[in-house]
Amino acid sequence: MEHKRQHVLEFKDVRLTYHTKAGETPAAEHMSFFVDEGEFIAVIGPSGCGKTTVLSLAAGLLKPSGGEVCVAGGAAQAGNIGYMLQKDELFPWRTVEQNIVLPLEIRKKNTPQNRARALALAEKYGLAGFLKHYPAQLSGGMRQRAALIRTLAAAPDLLLLDEPFSALDYQTRLNVCEDVCRVIRGEKKTAVLVTHDISEAISAADRVLVLSARPARVIASHKMDFAETSPLKRRESPQFSGWFEILWKELNL
């Protein structure tokens with residue numbers, strides 16, 4: 001009997017309305033989708049459609065006006081979610097090692113075992129020689145790698161990535177995307193990437209969700225049928241341009 005993968009994240013007919021002095025603004029309506037265990041999802045949509053709102057709802061930072069957001073079968077809880085932002089947000093006065101173990105300190109889980117596991121991750125993914133360095137001594141790509149390891153330090157069930165490569169120059173962006181995807185897949189993490197870059201979504205994700213203009217809802221879900229998981233190799237694939245054309249048309253309906 002085939003093992004059914006668990007939905008780590010599920011939006012069930014979610015609606016979100018912002019209330020301001022000027023009145024009500026519908027941000028999302030009838031939004032339904034799921035993310036399975038170990039799946040890497042990318043979310044794209046027209047500018048201003050509320051892609052980051054999806055992450056805020058998933059993280060429990062916003063409460064839906066209707067419907068339900070479930071994480072690993074229950075209501076969203078910040079304790080089992082890792083959130084990676086556009087900027088690395090490393091504390092400049094702390095070393096790379098001290099930055100990486102910060103989530104453990106905050107959650108009072110800075111045990112020798114948890115600390116050793118977090119630092120082993122750093123060493124596994126090329127930060128062994130930089131643990132005593134300060135963020136200012138690292139390249140932008142290396143800083144973003146350190147930020148990802150920090151996010152993974154508390155062993156989250158779900159990773160939320162809010163355009164984590166957008167602050168980097170194009171060449172660095174390609175390399176860091178390759179790097180981050182290798183770490184996420186290597187650690188078999190479940191991840192949701194929000195991006196405005198169609199090429200990035202195609203190259204990184206197992207599945208791409210397309211949102212409508214505001215109020216946002218999911219208008220398409222596409223499984224990326226590449227043999228390769230490497231973002232750089234996917235960009236060289238003959239299938240790449242076909243997927244780009246499909247997603248471009250859906251974003252411009």
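**Helix packing and local detail**

A: Helix α4 passes helix α5 in a right-handed crossing (the near helix is turned clockwise from the far one by less than a right angle). The model is a predicted one, in which local features need pLDDT of at least 70 and side-chain atom pairs count only at pLDDT 80 or more, whereas totals for chains, interfaces and linings use all residues. Residues are numbered from 1 along each chain as its sequence is written, and side-chain values use heavy atoms, with hydrogens and water left out.

Helix α4 covers residues 112-124 and α5 covers residues 140-153; their axes come within 9 Å and cross at roughly 150° (axes are lines fitted to C-alpha atoms over the stretch in contact, with angles from 0 to 180 degrees between N-to-C directions). The two helices are therefore roughly antiparallel to each other (over 145 degrees). On the α4 side, Arg 117, Ala 118, Leu 121 and Ala 122 meet Ile 149, Leu 152 and Ala 153 of α5 (contact means heavy atoms within 4.5 Å). By class, this contact of α4 with α5 has six nonpolar residues, one charged residue and no polar ones (Ala, Leu and Ile are among the nonpolar types, Arg among the charged).

Ile 184 belongs to helix α6, residues 170-186, and it is buried, with a relative accessible area of 1% (buried is under 20%, exposed over 50%, partly exposed in between, with a 1.4 Å probe and protein chains only). Leaving aside residues up to four places away in sequence, Ile 184 touches Phe 40, Leu 159, Leu 161, Lys 189 and Ala 191.

Glu 163 is in the loop between β7 (158-162) and α6; although not a glycine, Glu 163 has a positive phi of about 45°, and at 13% relative accessibility it counts as buried. Lys 188 is placed in the loop between α6 and β8 (190-194). The phi of Lys 188 is positive too, about 55°, although this residue is not a glycine, and at 69% relative accessibility Lys 188 counts as exposed.

A cis peptide bond, with omega of about 0°, joins Arg 214 and Pro 215.

Helix α1 (residues 51-58) is mostly covered, with seven of its eight residues buried. Lys 51, Thr 53 and Val 54 are among the buried residues of α1. Gly 60 follows α1 and has a positive phi near 80°.

The structure holds three aromatic pairs (ring centres within 6.5 Å; planes under 30 degrees apart count as stacked). Phe 91 and Trp 93 form a stacked pair, 4.8 Å centre to centre with 20° between the planes. Phe 91 counts as partly exposed at 33% relative accessibility, and Trp 93 as exposed at 60%. Phe 244 and Trp 248 are likewise stacked, 6.4 Å centre to centre with 10° between the planes. Both Phe 244 and Trp 248 lie in helix α9 (residues 240-251), four residues apart, about one turn of the helix. Phe 244 counts as partly exposed at 29% relative accessibility, and so does Trp 248 at 47%.

Terms used:
Parallel < 35°, antiparallel > 145°, perpendicular 65-115°, else oblique. Phe/Tyr/Trp six-rings, centres within 6.5 Å; stacked < 30°, edge-to-face > 60°.
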